[in-house]
Amino acid sequence: MKDATMNCFNLKNPCIFSHVHDLREHEAEYLKQIRHYTSSKAVWACVTTAIKARVIAALHICSHHRELDSLLPHCEITDIEKALVILDRPRVARQLRKKIASIERSMVKTSPKEIVKCSVADAVAQKTKRYKIDVLRSSLKRIDALI
């Protein structure tokens, strides 16, 4: 079972879900691996900030607060900040979805015949809203890929 937990520490960019899964499925091995890494400053220094942040976030998600408290003295502020960003992604995604829905509701539904009749200012406003929706959707897609 040790190989299963080793993967999320050795991969270049494992997602947060691989850490959470390994922590839930192989709790003892995962926590033993963290203790091994933190026992030596040289070994812990080789672990990337991204992985440290995912470990912090996974410990928080799985409510392993005692282990998290013992890990935090070994972490830098950048590791903790990145973990907070990871933990905040679902809220940001919900916020973007609401913003997209709000803009879509405010857009006027027009048929091709009505488009000819509408003013230039209305057409520009509609185009601006469509562009903003596209930008927000691309941001949402990027965040959803990271969640």
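This is a predicted model: local features need pLDDT of at least 70, side-chain atom pairs count only at pLDDT 80 or more; totals for chains, interfaces and linings use all residues.
Local features were taken into account at pLDDT of at least 70 and side-chain atom pairs at pLDDT 80 or more, whereas totals for chains, interfaces and linings use all residues. Residues are numbered from 1 along each chain as its sequence is written, and side-chain values rest on heavy atoms, with hydrogens and water left out.

The protein chain contains 9 helices and 0 strands, where helices (H or I, at least four residues) and strands (E, at least two) are DSSP runs numbered from the N terminus. Of its 147 residues, 33% are buried; buried denotes under 20% relative accessible area, exposed over 50%, and partly exposed the range in between (1.4 Å probe, protein chains only). Among contacts with a separation of 6 or more, 73% join residues 24 or more positions apart, a contact being heavy atoms within 4.5 Å.

The largest nonpolar core comprises 24 residues, of which Phe9, Leu23, Tyr30, Ile34, Val55, Leu59 and Leu71 touch the most other members. Such a core is a set of buried Ala, Val, Leu, Ile, Met, Phe, Trp, Tyr and Cys residues joined through side-chain atoms within 4.5 Å. Two or more residues each come from α1 (2-10), α2, α3 (27-39), α5 (49-61), α6 (65-71) and α7, with α5 giving the most, 7 residues. Leu71 touches Ile34, Thr38, Trp44, Val55, Ile56 and Leu59, residues up to four places away in sequence not being counted. Another core, of 9 residues, lies apart from the largest one and includes Met107, Ile133, Leu136 and Ile143.

His19, in helix α2 (residues 16-25), is buried at a relative accessible area of 0%. With residues up to four places away in sequence excluded, His19 touches Cys8, Pro14, Tyr30, Ile51, Arg54, Val55 and Ala58.

With regard to cysteines, Cys46 is exposed, at 65% relative accessible area, whereas Cys75 is buried, at 12%. The count of disulfides is 0, a disulfide being a pair of cysteine sulfur atoms within 2.5 Å.

Helix α7 (residues 77-106) contains Leu87, which is partly exposed at 31% relative accessibility.
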